[in-house]
Structures are given as C-alpha cells and as structure tokens.
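Please find below a colleague's note on the model. The comments are set out as numbered points.

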Amino acid sequence: MLVAAALVPDTALLVPGVSGGHDVLTELREAAVAAVAAAVGGAREVVVVAPAARAGEPTGRLRGSLGAVGVPDVLLGWPVPEVVVGTPGDGGTGVPGDAVVPAVASSVALHLLAHAGWDGPVRVVEVGRDAVGAGAAASLAERGAGLVRGTEDPVALVVVGSGSGRHGPDAPLADDARAPVLDASLAADLGTADVAARARLAALDAGLASALAVTGWAPWQVLLGGVGTRAVEATLLAADTSSGAHHVVALWRVDRGAPAHDPVGPAAVDPTRPDRPAADS
C-alpha cells in the first residue's frame with residue numbers, strides 16, 4: 001500500500017561535486033533529502049520511478065555513478081551508492097556480478113536515498129523521458145497502480161522528474177515563453193494534489209510537455225496511478241529555476257483509507273487548459 005511519495009528533480013546537480021568547486025542548488029538538495037527521508041520513514045519498500053532514454057527495470061547490483069554527465073566518481077561529494085535490486089535474470093537488465101549503472105535520474109534517486117539513510121529494499125522503474133514517446137497516460141497510471149497493488153506492506157515512491165527546461169538564456173534548451181505559465185501551474189498542482197489538481201496533471205498534454213522538455217510527465221502519471229482515488233496531504237518544499245530548468249520538491253502523504261474529496265468534479269476540468277477548471281473559462 002502506498003503511504004507516501006517524494007517528488008524530486010532529475011538534475012544531477014543535486015549531488016555535491018557535480019558542479020565542481022562552486023556548489024549550486026543547495027537549498028533544493030536539502031529539501032530533496034528531507035522529502036525522501038520523510039517519505040521512506042514509515043515504509044518497508046521503496047520504488048524509484050525515474051525518466052530515462054528507454055523504459056525498463058534495471059536489476060542486479062546497481063551503482064549510482066554519474067559518469068554519464070562527465071563526473072568521475074572520485075569527484076562526487078557523496079559516496080557512490082550501490083544497491084542490490086531484484087533477482088538478476090528475472091527479466092530486468094541486471095547481469096549477475098556486474099554493476100549496472102542506471103539512468104542519471106535513477107542514480108540521483110539512489111544518492112538521495114542513501115543520504116536520507118534508507119537501506120531497505122529498492123525497486124527501480126524507468127519510464128520514458130520524452131512525454132510523447134513514454135506511452136499513454138492511462139497505461140502509465142495503470143503501471144503505477146500495479147506497483148502498489150496486492151501488498152499491505154507500506155510502500156514509498158521516490159518520483160524523479162522536473163518541469164520545463166526552457167527558462168531563460170541559461171536554460172539547457174532554447175527559451176520558450178510558455179514555460180513559466182505551465183510550470184507555475186505544475187508547481188501549484190504538485191503542491192496541492194487535490195482531485196482537481198490531479199485531474200489537471202493527468203490531462204497535461206504530452207505534446208506540450210515534450211515541446212517544453214518536461215521530464216516529469218511520465219513519472220507523475222505513474223504516481224497518479226499509485227495514489228488512485230485516495231486523499232493526499234501534499235506539501236511543496238522547494239521550487240527553483242536558477243539553472244534554467246524548473247525543479248520542484250514536494251511530499252505527498254497518502255491516506256490509507258479515505259477517498260479524496262472532489263470539490264469540483266473531474267468533469268469540471270478542462271483538459272485543454274491544464275491550469276484552469278472549465279468553470280473558469
């Protein structure tokens with residue numbers, strides 16, 4: 001049963017040493033560690049849901065290296081975590097005896113888990129980084145429901161992903177005037193998580209998310225499926241666009257029994273305007 005989720009950015013800059021001698025995003029890092037620690041505090045198992053170039057479930061001995069972003073392990077400010085995930089040969093990508101380096105976003109999550117003190121069971125689920133190629137929202141939501149279905153043991157999710165990477169001249173990708181409006185809406189909904197907010201997140205157009213380089217689209221759909229109709233107490237812990245990408249940290253605590261109260265009803269959400277209920281049109 002899902003009890004909590006930590007929503008954290010997918011940037012490697014959360015790990016000390018990635019930015020060299022000039023440390024950056026320190027407040028965002030502290031918030032991310034705090035969110036992860038709070039989410040896993042009452043869990044017996046953790047599932048990492050992270051964007052990757054190709055979907056899959058890496059298994060075996062996973063090593064959270066960030067060499068893929070050009071940073072050798074010795075330059076990182078945190079020890080490189082290693083965890084054993086699943087049973088090698090069970091259909092995942094792990095090979096017995098070999099260390100598998102997962103996607104960068106998954107490695108960031110492993111670092112955050114280690115720094116938050118988690119040493120229990122971990123599962124890593126990687127979904128498409130590009131929203132258009134990640135699959136239908138409904139299929140991703142069903143994947144999320146399946147991650148927590150059939151167990152009474154408390155499960156926590158670490159959901160990795162960010163908003164648009166098109167903010168200003170320092171952005172990883174070309175600036176886009178649509179990014180600030182969309183990301184303001186996303187931050188509000190991720191920090192509220194009521195029924196209307198979750199309906200807007202579910203209705204977020206994959207084409208728009210892809211155009212604005214929103215890496216959290218697919219992981220958030222998985223999260224919505226894991227939560228289902230239950231009530232959520234959400235807290236927005238941090239938001240930052242200083243690196244040209246919109247990064248958010250939030251904590252969702254999921255009520256084990258109570259359904260969410262729907263103040264407007266799903267039918268009142270206009271999917272063509274993810275930041276507005278239809279009644280406001």
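1. The model is predicted: local features need pLDDT of at least 70, side-chain atom pairs count only at pLDDT 80 or more, and totals for chains, interfaces and linings use all residues. Residues are numbered from 1 along each chain as its sequence is written, and side-chain values use heavy atoms, with hydrogens and water left out.

2. Helix H4 (residues 179-190) and helix H5 (residues 195-203) have axes that come within 9 Å and cross at roughly 135°. H4 and H5 are therefore oblique to each other (angles under 35 degrees count as roughly parallel, over 145 as roughly antiparallel, 65 to 115 as roughly perpendicular and the rest as oblique).

3. On the H4 side, Leu-186, Asp-189 and Leu-190 meet Ala-197, Arg-200 and Leu-201 of H5. By class, this contact (heavy atoms within 4.5 Å) has 4 nonpolar, no polar and 2 charged residues.

4. Ala-193 lies in the loop between H4 and H5. Its phi is positive, about 60°, although Ala-193 is not a glycine. Ala-193 counts as buried because its relative accessibility is 0% (buried means under 20% relative accessible area, exposed over 50%, partly exposed in between, with a 1.4 Å probe and protein chains only).

5. Leu-25, in the loop between strand S1 (2-8) and helix H1 (26-40), also has a positive phi, near 55°. At 10% relative accessibility, Leu-25 counts as buried.

6. His-111 belongs to helix H2 (residues 104-115) and, at 1% relative accessibility, is counted as buried. Leaving aside neighbours within four places in sequence, His-111 contacts residues including Val-15, Leu-66 and Trp-78.

Key
Axes fitted to C-alpha atoms, helices over the stretch in contact; angles between N-to-C directions. Helix = DSSP H or I, 4+ residues; strand = E, 2+ residues; numbered from the N terminus. Nonpolar A, V, L, I, M, F, W, Y, C, P; charged D, E, K, R; others polar.
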